[in-house]
Every structure is written in C-alpha cells, then in structure tokens.
Amino acid sequence: MRYDPARPAGRLLLTPEDKEAPVRVRRLGQLGLGDRRDPDLDAYADRLAEVTGAPYAMVNFVGENRQFFAGLHLPAVPPPVVRPDGTTPVLGRELGRDHGFCPHVVVRRKALVLEDVSDYPRFAGNPVVDEFGVRSYLGAPLIDSTGTALGTVCVLDVAPRPWGRSGLETIKSSAAELVARIERREADGLPLL
C-alpha cells in the first residue's frame, strides 16, 4: 500500500502495489485483450448484470497505470449522482488504477465482497465512491492457466447490496467461466471476438 501526497488533504489512497503488472500486460497482449472494447465481453457483462440484478457490470483488464473495461454494462438510466459542482459523472471504459476495487482483487487474487462500502474505511474513501456514488461491489479475479491474474469480472451498485454467499458463488463461477472461454479461444487460435 502507498500513501499518495498528491491526493486532497485527508485522503489516504490505498492502491495496492502490483508487482505482476508487467507480466499481466504482456499476457493480455498475447491474448489481444485489455486495450479495446469487445462486443462479446459487453454481452457477457450484460448477462452478468442480469443474473445479479446489478446496474453496472464489467469485464476489467488491469494494466500498469489504468484499468480498461473491455466488457461494460451500464444502466439505461444512470442513477442520479450529482457532483458538488452540479455535473453528472459518466463512467467510461477506462479508469486509473487508484479508482475502484478491481486492482485490489487482482493483487489479492481473491474475490471481494463489499455489501456497503461505507462499512470499510479502507475502501470508503476510494474516488469511485464520491465520483460515481458506488456503494457496493462484488468482484472476482480472472486467473488463467499460466497463473496470471488478467483482471476481474465485477458488478457495482449505488445502493448497499446484500450479495451474500450466492452472490460470491455467482461472481466466482462467472470468472472461472470467462477464463475457460478465453483459453478455449486461445487454444483454437481464434480472437475473443
């Protein structure tokens, strides 16, 4: 963990140190993942949102300095989150590594369940809480047969969510299913698309 003095006063940034990032970036390059939108992964995120009932779902590949949502499901009508300056945030395909919870999942190599982010001081100060109104998170790592944590599958909500054991099992099985799919495509010499 590191403290970033560039953050506003009183804000402790606890982005985990990621020593595996260079290996992950090379592996993502071999797979042709991590730097472009993928319609198949968008459809995967859509199904994940439907299964979990979450307004947001992502297939997220984590690089050295950023995260890229190759698969993204956004709600048709975004929740009413208004910044102090009166603007409404728009979640795009890319975030810095210091935003969100997926970098923690990748480094920990374990699923993470945050039913109410505000219950966890370590995560409550994350920029996505204030900027996008994120209140709950459920994510699991995408670990391939080489042992590389490629990224995550995750869902978010702007309200606390009791994900429970069934949510944890759903996100873990979704991650395993997607890794198997990626590796089948690689073995067949096909792009993920």
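In strand β2, glutamine 67 is the bridge partner of valine 62, where strands (E, at least two residues) and helices (H or I, at least four residues) are DSSP runs numbered from the N terminus. The structure is a predicted model, in which local features need pLDDT of at least 70 and side-chain atom pairs count only at pLDDT 80 or more, while totals for chains, interfaces and linings use all residues. Residues are numbered from 1 along each chain as its sequence is written, and side-chain values use heavy atoms, with hydrogens and water left out.

Strands β1 and β2 form a hairpin with 3 residues between them, and they run antiparallel, joined by 6 bridges; two strands are taken to pair if DSSP finds at least two bridges between them. Glutamine 67 also has leucine 95 as its bridge partner in β3, and 3 bridges join β2 (residues 66-73) to β3 in an antiparallel arrangement. β1 is likewise joined to β6 by 6 bridges, again antiparallel, with tyrosine 56 standing opposite leucine 156 in β6.

These pairings belong to an open sheet of 6 strands, ordered β3-β2-β1-β6-β5-β4 and paired in antiparallel fashion. Its edge strands, β3 (94-96) and β4 (112-114), each pair on one side only. Strands of a sheet pair through backbone hydrogen bonds, either parallel or antiparallel.

Within this sheet, 7 of the 7 residues of β1 are buried (under 20% relative accessible area, with exposed meaning over 50% and partly exposed in between, for a 1.4 Å probe and protein chains only), so β1 is largely enclosed by the rest of the structure. Tyr56, Met58, Asn60 and Val62 point one way from β1, whereas Ala57, Val59 and Phe61 point the other way.

Helix α1 (residues 21-31) lies across β1 (56-62) and β6 (149-157), running at about 90° to β6, whereas α2 lies across β1, β2 and β6 and runs at about 70° to β2; here axes are lines fitted to C-alpha atoms, for helices over the stretch in contact, and angles run from 0 to 180 degrees between N-to-C directions.

Helix α2 (residues 39-52) also packs with helix α6 (residues 164-187) at an angle of about 160°, with their axes 12 Å apart. The two helices are therefore roughly antiparallel to each other (an angle over 145 degrees). In their contact (heavy atoms within 4.5 Å), residues of α2 including Tyr44, Arg47 and Leu48 meet residues of α6, among them Ile171, Glu177 and Leu178.

Note on methods:
Parallel < 35°, antiparallel > 145°, perpendicular 65-115°, else oblique.
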